[in-house]
Amino acid sequence: MRGLKFIIAGILFGIVMSKSEAISWFRIQEMFRFQSFHMYGIIGTAVVLGIIITYVIKKYKLHDFQGNPIVFTPKEMSVPRYLIGGTIFGLGWALTGACPGPMFVNIGFQYWSILIAVVGALAGTYMYGAIKDRLPH
């Protein structure tokens with residue numbers, strides 16, 4: 001029962017992703033070919049909502065469910081780090097037609113070919129974790 005809230009959140013996430021067509025390979029290809037504003041609208045809405053929520057958390061010094069303060073730790077700004085990482089992520093997104101969240105929604109829709117992308121994403125994540133200490137951060 002402790003994990004029920006996560007299951008419900010996952011189901012709601014899947015419904016929103018499918019109804020907004022964010023899991024559609026065709027919509028993602030339209031975005032990367034600059035043929036449609038649809039996905040940019042979804043991403044822009046998420047960014048604006050994230051900015052507003054972060055502002056509210058910082059302004060009112062909100063706490064999490066356990067009563068601990070929510071703290072945002074500043075990250076080291078480095079152009080090559082974000083440029084290279086973003087390029088690799090974007091290439092994977094463009095080639096597979098799915099980013100990490102919607103990949104699992106596609107599994108829920110029984111699009112089994114997406115398992116290749118999921119295995120690749122997990123392997124890439126594992127590989128990054130294995131060599132992270134040797135990379136220039």
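**View 1. The largest nonpolar core of the predicted model comprises nine residues.** Its members are Met17, Ala22, Ile23, Ile28, Met31, Met39, Trp93, Cys99 and Val105. When residues up to four places away in sequence are not counted, Met17 touches Ala22, Ile23, Pro102 and Val105. Another core, of five residues, lies apart from the largest one; among its members are Ala98, Met103, Ile114 and Ala117.

**View 2. Helix α4 spans residues 79-96.** Its 18 residues extend 26 Å from the first C-alpha to the last, close to the 26 Å expected at 1.5 Å a residue.

**View 3. The largest pocket holds about 980 Å³ of space.** Its lining is formed by 29 residues, of which Gly85, Ile88, Phe89, Gly124 and Tyr128 are the closest to the pocket centre. At least two lining residues are supplied by each of α4, α5 (100-108) and α6 (114-131).

**View 4. Segments annotated in UniProt as "transmembrane region" are shown in the predicted model.** The unreviewed UniProt entry lists residues 38-57, 82-105 and 111-131 under this term. In the model, residues 38-57 are 100% helix and 0% strand, and the end C-alpha atoms of this span are 29 Å apart. For residues 82-105, the chain is 88% helix and 0% strand, with 27 Å between the end C-alpha atoms.

Note on methods: Residues numbered from 1 in each chain as written. Predicted model: local features only at pLDDT ≥ 70, side-chain atom pairs only at ≥ 80, totals over all residues. Heavy atoms only, no water. Helix = DSSP H or I, 4+ residues; strand = E, 2+ residues; numbered from the N terminus. Expected span 1.5 Å × (residues − 1). UniProt positions renumbered as here; feature names shortened; annotations may be inferred. Core = buried A, V, L, I, M, F, W, Y, C linked by side-chain atoms within 4.5 Å. Buried < 20%, exposed > 50% of the residue type's maximum accessible area, 1.4 Å probe, protein only. Contact = heavy atoms within 4.5 Å. 1 Å grid on protein atoms, 1.4 Å probe; cavity = no way out; pocket = protein on both sides within 12 Å on 5 of 7 lines; lining within 4 Å. Points joined across faces, edges and corners; volume = space filled by probe spheres on them.
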